[in-house]
Structures are given as structure tokens and as C-alpha cells.
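Q: Please take a close look at one helix of this model. Walk me through how it sits in the fold and what it packs against.

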Amino acid sequence: MTFPRPALAAAALAFVIAALAGIITPASAANEVYTTGVRCNNKQTSSAEFKQDRYVYFDTNSSRVREDDKAKIARIVDIAKGHQAQQICLFGKASKVGGAASNANLGRKRAVNVARELERLGWPRSRIVIGTEGEAWGWLEDMLTSDSEDDRRVLIRLSQ
């Protein structure tokens, strides 16, 4: 069965609008996949430090932590220690370019490299949770591919 290109574009647009409106959620955004066997224990306390998401960004197809982000990670460790965080949760992400498995792998590599930097700065490995938020668009992948810096990142959350 083949569909005319305008019909596919209209379906893709409807999907994106529905996703942005919160009516549907792409599978990749619906679940945080934890690869360490430990879940992020974020209770969303009243402290602003535990509600704020922080990000480290990456170059295309790279999992190397940029030098300028190492200072940001050091500040995050200081904040976590100062506010007695129990965990630092990392969620690696990749852009919409590429397949689901390769994106999940790249997102995990990014999170692991941020975890290594946290450890280097003195944060205990036992208190780091690693997850992935890979981008996978299924049959829409050919139409909805982009290489946005917002997708090439590791989300960092402090947890009590």
C-alpha cells in the first residue's frame, strides 16, 4: 500500500501537533529507560534546585563532553553536595537522525561520559543513575529528521 506524499506530510503534521499538545506522546519520550537497574528517585520537593533540569550538549555523532561543559558539571556537583542530593540522574539523548538502537546507544554513551566527569569530581558512582531518551519516529523518520542541539544532550536532575 502506498500513500501520496501530501497525505503522508499531513499525517506527520497531525502527529507532531498532537504530540506538542500532549494528546499523544512518542514512545521515546513516554518512558525513561534506566540502564543501571536503579530508578531516579526524584520526588520534586519544594527546593528549586531539585526541580530545575540542567543540560550538557554534544556535537553531532559525538559523546565527548565539551571543555566548557566541564565547569557546568563541576557547579552541578557543588549544588548537589550543598543541597544534600542523594542522586544525580542522567538521561542521554540523541537527535532524530538515525535508528532507534543507534540513538539509544549514543544517548547512553553521552550519559556515561557525563557520569565519568561527575565521578572525577568526587561524586560517588553508586549515586548516579543513567538512562536514555532516544529519538525514534518509526515510519515518520524519513520526514521528521533533524539534528537539533536540543536533542543532542544529557538531561541532569538532582534527586533526594
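A: Buried residues make up 39% of the 160 residues in the protein chain. Buried means under 20% relative accessible area, exposed over 50%, and partly exposed in between, with a 1.4 Å probe and protein chains only. This is a predicted model, in which local features need pLDDT of at least 70, side-chain atom pairs count only at pLDDT 80 or more, and totals for chains, interfaces and linings use all residues. Residues are numbered from 1 along each chain as its sequence is written, and side-chain values use heavy atoms, with hydrogens and water left out.

Start with the fold. The protein chain has five helices and five strands. Helices (H or I, at least four residues) and strands (E, at least two) are DSSP runs, numbered from the N terminus. Along the sequence the pattern is α-α-β-α-β-α-β-α-β-β. Contact means heavy atoms within 4.5 Å. Among contacts between residues at least 6 apart in sequence, 82% join residues at least 24 apart.

Now to helix H4, residues 67–82. H4 has 16 residues and reaches 24 Å from its first C-alpha to its last. That is close to the 22 Å expected at 1.5 Å a residue, where the expected span is 1.5 Å times one less than the number of residues.

Which residues of H4 are buried? They are Asp 69, Ile 73, Ile 76, Val 77 and Ala 80. Seen down the axis of H4, these buried residues fall within an arc of 100 degrees, so they line one face of the helix. The arc is that of the directions from the helix axis to the C-beta atoms. An α-helix has 3.6 residues a turn, so residues three or four places apart point the same way. On the other side of H4, Glu 67, Asp 68, Asp 78 and Gly 82 are exposed.

The buried residues of H4 have several partners. They pack against strand E2 (54–57), strand E3 (87–92), helix H5 (100–120) and strand E5 (153–159).

Take H5 in detail. H4 and H5 pack at an angle of about 60 degrees, with their axes 10 Å apart. Axes are lines fitted to C-alpha atoms, for helices over the stretch in contact, and angles run from 0 to 180 degrees between N-to-C directions. This makes H4 oblique to H5. Angles under 35 degrees count as roughly parallel, over 145 as roughly antiparallel, 65 to 115 as roughly perpendicular and the rest as oblique. At the contact, Lys 70, Ile 73 and Val 77 in H4 meet Val 114, Glu 117 and Leu 118 in H5.

Just after H4, Gln 84 takes a positive phi of about 55 degrees.
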